[in-house]
2 protein chains.
Amino acid sequence: MKKVVRLLQALADENRLRALFALERGELCACQLVELLRLAPSTVSQHMGILRRAGLVAAEKRGRWMYYQAADEETSPPVGRAKAFLRTCLQDTAPILRDRKRLAAILRRDPHELCRRQSRRTASAGPTAERRGRQRRSR
Amino acid sequence: MKKVVRLLQALADENRLRALFALERGELCACQLVELLRLAPSTVSQHMGILRRAGLVAAEKRGRWMYYQAADEETSPPVGRAKAFLRTCLQDTAPILRDRKRLAAILRRDPHELCRRQSRRTASAGPTAERRGRQRRSR
DNA sequence: ATAACATTTCGCCGATGAGCGAAATGTATC
DNA sequence: GATACATTTCGCTCATCGGCGAAATGTTAT
């Protein structure tokens, strides 16, 4: 019961659903997910931790890159069924299709370049430059 | 997408899942759900509103009693699939079985008596009697 | 009309969630 | 070993959630 509730809680967030669908196509490294979701690296890390603890995603560290992949659906029936549910409900909906296109473009880029841009994002921003407002949730 | 997220959010709460399973057996009035979940009437009303807005539950007012019933699963594929998912995952797990037993006992009682006890619960409690702590979430 | 009654709405509180930046961690590379 | 680098952990803020009691709503009974 607790486990299923945790699973449902993990799924009850749009950004996490987008991440899950992105991983359907194959494994992705953290910086690629950051680029896709347009969230801070720390935020993406949190989300992936939640998905991992729910058993929806597996992670593997290779060198200093962290690779995430969709969890094996055979090992946990609830996870498999949940994924099937999501596929039938969200496959080919607007936000997912949009992400799929953007992801294709991201995969064509060099991961190193992505990471560099992501660290610049906070480092610079100019001394006197005003911070652009934090991203707010929509719900 | 938004709709599916709202559906998943509605399902991501243990008390709401228990209410859904209770309704699998047939319609229930508000006071019976209050008795089953052991929550304040206002709280149960909130939960049922969330389930209703997610399309999981239908409500019908007859006289001054409000009857809740499981939504028709044919009308909304996502709802039907979600319910199927829940059944395969939670059917015959400990908390659901426990509720089923308790529900049988509740159904044997007079609804009027349930309502009376529920209003007493706040009305009395004694002038000098110390309030027993509010119910805390477990998560 | 009034009273009794079942339920919902409102206003509040403490806990949790999502977001960020800064600091910490771990891993190549020099 | 020191440095650069990718990611995670920590600490914070604001928004949302789950819980309650009190007041409001709508309905039958007197």
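**Where the chains meet**

Chain A puts 17 residues into the contact, and chain B puts in 17 residues as well. Keep in mind that this is a predicted model. On the side of chain A that touches chain B, two elements give two or more residues: helix 1, residues 2–11, and helix 5, residues 77–90. Which of chain A's elements gives the most to that side? That is helix 5 of chain A, with 7 residues. As for the kinds of residue on the side of chain A that touches chain B, 12 are nonpolar, 3 are polar and 2 are charged.

**The sheet**

Next, the sheet in chain A. Here 3 strands form an open sheet with antiparallel pairing, and their order is 1-3-2. The edges are strand 1 (28–29) and strand 2 (57–62) of chain A, each of which pairs on one side only. Strand 1 of chain A is joined by 2 bridges to strand 3 of chain A, residues 65–70, and the two run antiparallel. Leu28(A), for instance, has Tyr68(A) in strand 3 of chain A as its bridge partner. Helix 4 of chain A, residues 41–53, packs on this sheet and touches strand 2 and strand 3 of chain A. The direction of helix 4 makes about 120° with that of strand 2 of chain A.

**The core**

The largest nonpolar core has 60 residues, and the ones that touch the most other members are Leu33(A) and Leu33(B). What does Leu33(B) touch, leaving aside residues up to four places away in sequence? The list is Ala19(B), Ala22(B), Leu28(B), Val44(B) and Tyr68(B).

Methods:
Residues numbered from 1 in each chain as written. Chains lettered and ligands numbered in written order. Predicted model: local features only at pLDDT ≥ 70, side-chain atom pairs only at ≥ 80, totals over all residues. Contact = placed C-beta atoms within 7 Å. Helix = DSSP H or I, 4+ residues; strand = E, 2+ residues; numbered from the N terminus. Nonpolar A, V, L, I, M, F, W, Y, C, P; charged D, E, K, R; others polar. Pairing = 2+ DSSP bridges. Axes fitted to C-alpha atoms, helices over the stretch in contact; angles between N-to-C directions. Core = buried A, V, L, I, M, F, W, Y, C linked by C-beta atoms within 7 Å. Buried ≥ 20, exposed ≤ 12 C-beta atoms within 10 Å, placed from the backbone.
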